[in-house]
Amino acid sequence: MTESVSQGPISTVTPTNGEEGTKFKRKQVEAGVRMILQGLGVDLEDENFKETPARVARAYYELCSGLYSAEKKTEEIFGKSFFSDYRGMIVVGPVQATGVCPHHLLPVKSTVVMGYIPKERKLGLSKLARAIKLYLAKPVMQESASHALVEAFQSYVQPDGVALYIQAKHGCMTDRGVLQHNCEASTMDVRGLFKDDSGVKTEFTEQVRLLLRRS
Ligand SMILES: [Zn+2]
């Protein structure tokens, strides 16, 4: 049986980033990239483009890795919370995360600050950073990723409050269309005490300001 998507130069670049066993269809992505290159009118035999379909496929696997392992990893990450008697605010950031916009598939580079006030369960700080990267590594609207992350965190860790600030540069605004190189979009999702207590919210926004000033 012949593989219908394998025309064109055969890739010699082997995947090394853990895509095996996932729903990621590398050959299909490579074939699509080959078509784009052909559509652009470039010479696929040129040595600069020969491995491009394979490279782009690997890059997109990475940029969208949150699509393939989200469920398993959410449990893996959020399921490992532990008891803590600390009742103050925990704020982590800036965490850098990259994904793509669902409309143009151009990179979205986010800087994130997340805060929560534990009720009983606490999460390791690096786990929080991993969760943030996972939720943003996919073709997703910034607001939707923010909502999904906050919802999952809320249901697994059940804190007294959670707040998520995302500031992102969208490739579709910086590198095409209106070409606003320094323009960023920010979203803030607040739940529990961060929503109900204005003092808590103010403290969080102050933490965001301090953490981002150093970055
Ligand atoms: Zn876009």
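1. A residue is buried if 20 or more other C-beta atoms lie within 10 Å of its own, exposed if 12 or fewer, and partly exposed in between, with C-beta atoms placed from the backbone. With 23 C-beta neighbours inside 10 Å, Leu 123 therefore counts as buried. Of the 215 residues of the protein, 29% are buried.

2. Two notes on the source. This is a predicted model, in which local features need pLDDT of at least 70 and side-chain atom pairs count only at pLDDT 80 or more, while totals for chains, interfaces and linings use all residues. Residues are numbered from 1 along each chain as its sequence is written.

3. The protein has nine helices and six strands. Helices (H or I, at least four residues) and strands (E, at least two) are DSSP runs, numbered from the N terminus.

4. Leaving aside neighbours within four places in sequence, Leu 123 is in contact with Phe 78, Ser 81, Leu 128 and Val 157.

5. Next, the sheet. Strands S2, S3, S5 and S6 form an open sheet in the order S2-S3-S5-S6, with antiparallel pairing. Two strands pair if DSSP finds at least two bridges between them. S2 and strand S6 (185–192) stand at the edges with a single partner strand each, so one side of each has no neighbour in the sheet. Nine bridges join S2 to S3, and ten join S3 to S5. Gly 99 stands opposite Val 108 in S3. Ile 117 stands opposite Gly 161 in S5.

6. Now the cores. A nonpolar core is a set of buried Ala, Val, Leu, Ile, Met, Phe, Trp, Tyr and Cys residues joined through C-beta atoms within 7 Å. The largest has 34 residues, and those touching the most other members are Val 112, Ala 131, Ile 132, Tyr 135, Leu 149, Leu 164 and Tyr 165. S2, S3, helix H5 (125–136), helix H6 (142–157), strand S5 (161–170) and helix H9 (198–213) each supply at least two residues of this core. A second, separate core of six residues includes Phe 24, Val 29, Val 33 and Ala 54.

7. Ala 54 also belongs to H3, where it is buried, as are Thr 52, Pro 53, Ala 57, Arg 58, Tyr 61 and Leu 63. The buried residues of H3 pack against helix H1 (26–40), helix H2 (47–50), strand S2 (90–100) and strand S3 (107–117).

8. Some backbone details deserve a check. Most residues other than glycine have a negative phi, and most peptide bonds are trans. A cis peptide bond joins Gly 93 and Pro 94, with omega about -5°. Pro 94 lies in strand S2. Both Gly 93 and Pro 94 are in contact with Val 112. Leu 105 has a positive phi near 60°. The hairpin of S2 and S3, where Leu 105 is found, has six residues between the strands. Leu 105 is partly exposed, because 13 other C-beta atoms lie within 10 Å. Gln 158 has a positive phi near 45°. Gln 158 is in the loop between H6 and S5, and its 14 C-beta neighbours inside 10 Å make it partly exposed.

Definitions and conventions: Contact = placed C-beta atoms within 7 Å.
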